[in-house]
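I opened the file today to see how the chain packs. My notes follow in the order I looked things up.

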Amino acid sequence: MIKKITLIKNFGVFNSYRRTGDIQDFAKVNIIYGWNYSGKTTISRIFQCLENQVKNSHYADCEFEIEDYAGNKGNHQNLNLDNLDIKVFNSDFIRDNIHLEGESFNPVLLLGEETKKAEDEIAEKEAKLLKIRRISQHLNRECLALDNQILSGLTQLASQIKDTLQIVQAFTRTHLKPIFDSIKNSHQNYYLTDEQLIEIIKKATATEADKLLRKDEFNISFSLPEEVTLTENLLTVIPAFSNTVQYFVENPEVANWAEQGIVIHEGKQDCEFCGNSLSAERFAEIIAHFSADLKNHKNDLENLIENMRLRKLDEPNLQKSDIYKELWTDFVENDQSLKKEIKHYNKQVEKLISLIDKKKQNPFEPIKDFSSIEDNEKTLLEALKNYNQLIVSNNSRTDEFERTKMDAIEKYKKHSTAKFIDELDVLKKEIKAKTYREKEPQFIILQESVESEIADLESTISKAHKGKEKLNEFIQKFLGRDEIKVVIVNEDDKERFRLKRNESKAVNLSEGEKTAIAFSFFLTKLLENSDLSKTIVYIDDPISSLDSNHIFQVNALLKEFFFRKENPDDKNPTILNCLQLFLSTHNFDFFGLLRELPKPKDSNKFYYYVRRINENESILEKLPKSIEHYSSEYHYLFELIYKFNKSDIKDFDTLMGLPNAVRRFVELYTYSRIPGNTSMTVDNRAEKLWGTEKAKRILKVFHYFSHSNNIERMLRNSDLMCDIEVAVQDLMKLIAEDSNHFEELERNVTI
């Protein structure tokens, strides 16, 4: 058995892991818990390297070392650890072994009962099947010959129609066949007189020189009140600056002049303007006035100016030549009206920019008068509506032109097809073909019956059929239904597996179905081993996409597959069927079920925790008592947040995982209080429960950091990171208002 992992380096999130003395050696059953992105799958890939005796190609410079109980060591250079038989289930196993989108894949081969009688019966039925197929092929050839006569005629007819109507784009038999099918039983109704035919051809071949292209409606986005609000928020408030020179405050033009002159006077003892002595104290006072606070304020004003410039509206660029002549008068009127309103709107934006620039020149003077801004949103909307209505009218004329032409083309096609039906005597030929086809289903049913009998006989001697039966048994146990099955197909004289949903290829499988099929395949694959008791099995997250019902099924199947009773009178299974078992998961509910798995006889069952401690490093350690203590993820998350709030020292390791923990806790808490519709988000529920301001105050910082790249974000945003502690305090106060609920949670915390 494997005793321990002593080293992992440059392998996924394990940058430089070394085993410490405070973690127990592996037992016969080992359960590993850890959040997503913590490194559970990476550990399974180390075992996979030993299984395949090939180093993982994605981590060429990785290093690792594993030791067994005999003292043998396997590592990145020696991948044969005392010939141990290791089998790993993870996402790589699914990718390499199973095609879940309809393609075939290698079968599981289990021993069947071979009999000479079955082989003789198969030979007899295959001879019968050959005769049936020959008769069926004859019927198909007769029908095909009749079909080809019709199709060949349609090919020639399509070419003639294309030439007559001067059709530029492709027009072939494929395009004509739907018309043929739709009119053949009433084709006489589509004949045209000679006079009608001349008129139709004239319309169908009309030039499009006078037809104008369709034009898109003119769309712009604007909201002057929003622009004014953005400007007011910055212009009406004077930020608190670190140090100010009162004379500069009272004389902003002098302040601007002095700010530009700071660079010139660095290192100078005399004023470049007046020549008087410039003391170090006075120079420091001037520099302090133009502090980072003032610079940041001016930067905000400059950014607002750039933002306002981007909000100016573009004018429409349609010309009279784009519009039908009968609409020119209305077009000129609407075009001028819209451009006038857009110019007025842009002028108001320019006024806002001027106010911002004025504030920039005199940052200590608040600007509160915005009465010069004239909101023309109503008239602008009306002008835009009139302009677009004219475009719609213009497009309608284009559409009508096209419909008239296409209607004439369609009538000519149907007239020509009707003549073809009579000239070739199509209906008589189709009656003959129908007679042949009515006999064909009888032979198809007989053929399928014989094929089914042969398949049943082959299942008694085929290893693949035995594997198929066992695999389907597992899939049905997982999903609780039998609509998805594995069937055997022959490709290049080899038996292969293929997934089917009822009688069709199984495509567009749900993620839960994929997981169930993949794990069923893995368990069936384990049965190929002649002696499972000598095999080490590592299963990584077998329930990643399953719902709660399937979680119980997976746990039950694990117990049934890997454990057995020592004798029929035992209450619990005590014998592990494999040599050693490793199970990892990120799902707390599933982890709780795994804890109920029995402890094997004469051995132990240990728990481990994979924890991400920084951007490039995870560690494998003993499962914390706080996790082992709880059967609910909700209680565990509350304890993490509660202890963080109570602690005087906020250590960085705890802080790294806190955003995900808080976000998950709030999601569970708000859902229990406001179940609501499944489409409601955690933000919706929090706002409904606590109000918009409090909800955003708490969730904003945790949304920002609760991502897979939160470590990098924290390093870049130390100021926001400091806000986590305050947000946690606010959350605890809100939960405490739900006193009965809070007191029960608090009572269960293991301090």
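This is a predicted model: local features need pLDDT of at least 70, side-chain atom pairs count only at pLDDT 80 or more; totals for chains, interfaces and linings use all residues.

I count two residues as in contact when heavy atoms lie within 4.5 Å. On that basis I looked at the contacts in the protein chain between residues at least 6 apart in sequence, and 74% of them join residues at least 24 apart.

**Entry: overview**

I read off the secondary structure next. The protein chain has 25 helices and 15 strands. I then checked burial: of the 751 residues in the protein chain, 42% are buried.

**Entry: the core**

I asked which residues have the most contacts inside the largest nonpolar core. They are Ile-539 and Phe-562, in a core of 57 residues. Helix 15, residues 511-526, gives the most to this core, with eight residues.

I then listed the partners of Ile-539, leaving out residues up to four places away in sequence. Ile-539 touches Phe-89, Phe-519, Phe-522, Leu-558, Phe-562, Leu-581, Phe-582, Leu-583 and Ser-584. I see that Phe-562 is itself on this list.

**Entry: helix 14 against helix 15**

I stayed with helix 15 and turned to its packing with helix 14, residues 463-479. Their axes are 9 Å apart and the angle is about 140 degrees. That makes helix 14 oblique to helix 15. The cut-off matters here, because an angle has to be over 145 degrees to count as roughly antiparallel. The crossing of helix 14 past helix 15 is right-handed.

I wrote down the residues that make the contact. Helix 14 brings Gly-467, Lys-470, Leu-471, Phe-474, Ile-475, Phe-478 and Leu-479. Helix 15 brings Glu-513, Ala-516, Ile-517, Phe-519, Ser-520, Phe-521, Leu-523 and Thr-524. By class I get ten nonpolar, three polar and two charged residues for this contact.

**Entry: the loop between helix 2 and helix 3**

I looked up Val-108, which sits in the loop between helix 2 and helix 3. Is Val-108 buried or exposed? Its relative accessibility is 0%, so Val-108 counts as buried.

I checked how Val-108 relates to Gly-467. The two are 359 residues apart in sequence, yet their C-alpha atoms are 5.0 Å apart in space. Not counting residues up to four places away in sequence, Val-108 touches Lys-463, Ala-464, Gly-467, Phe-497, Phe-521, Thr-524, Lys-525 and Glu-528. Among these partners, Gly-467 belongs to the helix 14 side of the contact above, and Phe-521 and Thr-524 belong to the helix 15 side.

Ser-104 lies in this loop too, between helix 2 (91-97) and helix 3 (116-165). With 6% relative accessibility, Ser-104 counts as buried. Leaving aside neighbours within four places in sequence, I find Ser-104 in contact with His-99, Val-489, Glu-491, Arg-496, Phe-497 and Arg-498. Phe-497 is also a partner of Val-108.

**Entry: helix 6 against helix 11**

I moved to helix 6 (residues 224-235) and helix 11 (residues 328-361). Their axes come within 11 Å and cross at roughly 5 degrees. The two helices are therefore roughly parallel to each other.

From helix 6 I noted Leu-224, Glu-227, Val-228, Thr-231, Leu-234 and Leu-235. From helix 11 I noted Tyr-345, Gln-348, Leu-352, Leu-355, Ile-356 and Lys-359. This contact has eight nonpolar, two polar and two charged residues.

**Entry: helix 19 against helix 25**

How do helix 19 and helix 25 pack? The angle between helix 19 (residues 633-646) and helix 25 (residues 739-747) is about 85 degrees, and their axes are 10 Å apart. The pair is therefore roughly perpendicular.

Tyr-634, His-635, Phe-638 and Tyr-642 of helix 19 meet His-741, Phe-742, Leu-745 and Glu-746 of helix 25. I sorted them into five nonpolar, two polar and one charged.

**Entry: positive phi**

Last, I looked at backbone angles. Most residues other than glycine have a negative phi. Asp-82 has a positive phi, near 55 degrees. Asp-82 is placed in the loop between strand 5 (73-75) and strand 6 (85-89). Asp-82 counts as partly exposed, at 47% relative accessibility.

Asp-425 also has a positive phi, near 55 degrees. I found Asp-425 in the loop between helix 12 (377-424) and helix 13 (426-458). Its relative accessible area is 39%, so Asp-425 is partly exposed.

Conventions
Residues are numbered from 1 along each chain as its sequence is written. Side-chain values use heavy atoms; hydrogens and water are left out. A nonpolar core is a set of buried Ala, Val, Leu, Ile, Met, Phe, Trp, Tyr and Cys residues joined through side-chain atoms within 4.5 Å. Buried means under 20% relative accessible area, exposed over 50%, partly exposed in between (1.4 Å probe, protein chains only). Helices (H or I, at least four residues) and strands (E, at least two) are DSSP runs, numbered from the N terminus. Axes are lines fitted to C-alpha atoms, for helices over the stretch in contact, and angles run from 0 to 180 degrees between N-to-C directions. Angles under 35 degrees count as roughly parallel, over 145 as roughly antiparallel, 65 to 115 as roughly perpendicular and the rest as oblique. A crossing is left-handed if the near helix is turned anticlockwise from the far one by less than a right angle, and right-handed if clockwise. Ala, Val, Leu, Ile, Met, Phe, Trp, Tyr, Cys and Pro count as nonpolar, Asp, Glu, Lys and Arg as charged, and the others, Gly among them, as polar.
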